[in-house]
Amino acid sequence: MGDSKNGRPFRSLVTGGAGFVGSHLCDRLIAEGHEVICIDNLLTGRLGNIGSLEDHPRFVFVRHDVTQPIDLTHLLSHAQGRFYSGIHLDYVLHMASPASPKDYARHPIHTLKVGGLGTYHGLGVAKAFGCAFLLASTSEVYGDPEINPQVETYWGHVNPIGPRSCYDEAKRFAEAITMAYFRQHGVRVRIARIFNTYGERMRLDDGRVLPNFIPQALQGQPLTVYGDGKQTRSCCYVSDLVEGLYRLLVSDQVGPINLGNPEEVSMLELARKVIEYTGSDSRIAFEPLPVDDPTRRRPDISKAETLLGWRPRVGLSEGLSRAIAYFKTALQTSEAQAV
């Protein structure tokens, strides 16, 4: 079962592997037969996200900050004897970065360093081992777009010195250096531009729209909608995103390729749906729109459909039902621990 090379399992290094998306990707790689080295400094990731893999013989976690050089020999010395087939690597998946506005507002310099130094270090590992490198970029490279839906050929509309620039420009630089390594060193790269993703393992204090709305509704609190609520997002369930990322990883496509759900919804409509699906009597509270908050967000996924045979399967209704069940359990666990 699963992937192998010359009779041995593929080995993948996942930065940010204890994070929301990174941990789901670790699960998928293990399911596909890979050996997985997960590194994370736990700034926004959590050990609980990878708890089910802790004792797996093909998985190892190493606490490490990717803004520091990545010495694979040193990392594997922490593998507790699990990997016996020597020092080799087939894939680097660079998932590390604070990803919510709340997180990168709190850690702007580290966000820039992860996008710059972290990507540089990951690419260095891929170059040294002759392996493929997947960059988790973002729809935020499009900024507040002037076209809708956003296509990969659009260069974006980004404020380079605004409060969101630490994340936007970190990812734009990450794409630039990734392509430089592709052109100058021949590193096999794949660039995924990830649109709004949600689902299990998101933190209650994540700060993104659904981790805000759903706990607020479940607790009977007002749902915070910024501006007039007409700004839109396209919400992709995490299982769909992971499928797209894996297909991109094992393809020969450089990208960038948009991965997201083109089902566009306004924030006001989304708030109303959450109230309906939770059966809450919460009201909606309007707050001022944050600086540089994008007014539209919707991916054109034609490239993903054509080149990867991928499109999302989980619609908003099903995804909301799953997410509400997850956050309900997360809230109960949090409340029990607080007692």
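In this predicted model, a cavity is a set of grid points where a 1.4 Å probe fits but cannot get out, and its lining residues have an atom within 4 Å of a point.

Q: How much space lies in the largest cavity?
A: The structure holds 1 cavity of 30 Å³ or more. The space in the largest cavity comes to about 40 Å³.

Q: Which strands sit at the edges of the open sheet of 7 strands?
A: The strand order is β5-β4-β3-β6-β7-β8-β13, with parallel pairing. An edge strand pairs on one side only, and that picks out β5 (59–63) and β13 (257–259).

Q: What angle does the direction of α4 make with that of β6?
A: α4 packs on the sheet and touches β3 (11–15), β6, β7 (132–138) and β8 (189–194).

Q: Is L89 buried or exposed?
A: L89 is found in the loop between α2 (72–76) and β6 (91–94). Leaving aside neighbours within four places in sequence, its contacts include L13, I37, L72, V125 and F129. Buried means under 20% relative accessible area. L89 has 5% relative accessibility, so it counts as buried.

Terms used
Residues numbered from 1 in each chain as written. Predicted model: local features only at pLDDT ≥ 70, side-chain atom pairs only at ≥ 80, totals over all residues. Heavy atoms only, no water. Helix = DSSP H or I, 4+ residues; strand = E, 2+ residues; numbered from the N terminus. Buried < 20%, exposed > 50% of the residue type's maximum accessible area, 1.4 Å probe, protein only. Contact = heavy atoms within 4.5 Å. 1 Å grid on protein atoms, 1.4 Å probe; cavity = no way out; pocket = protein on both sides within 12 Å on 5 of 7 lines; lining within 4 Å. Points joined across faces, edges and corners; volume = space filled by probe spheres on them. Pairing = 2+ DSSP bridges. Axes fitted to C-alpha atoms, helices over the stretch in contact; angles between N-to-C directions.
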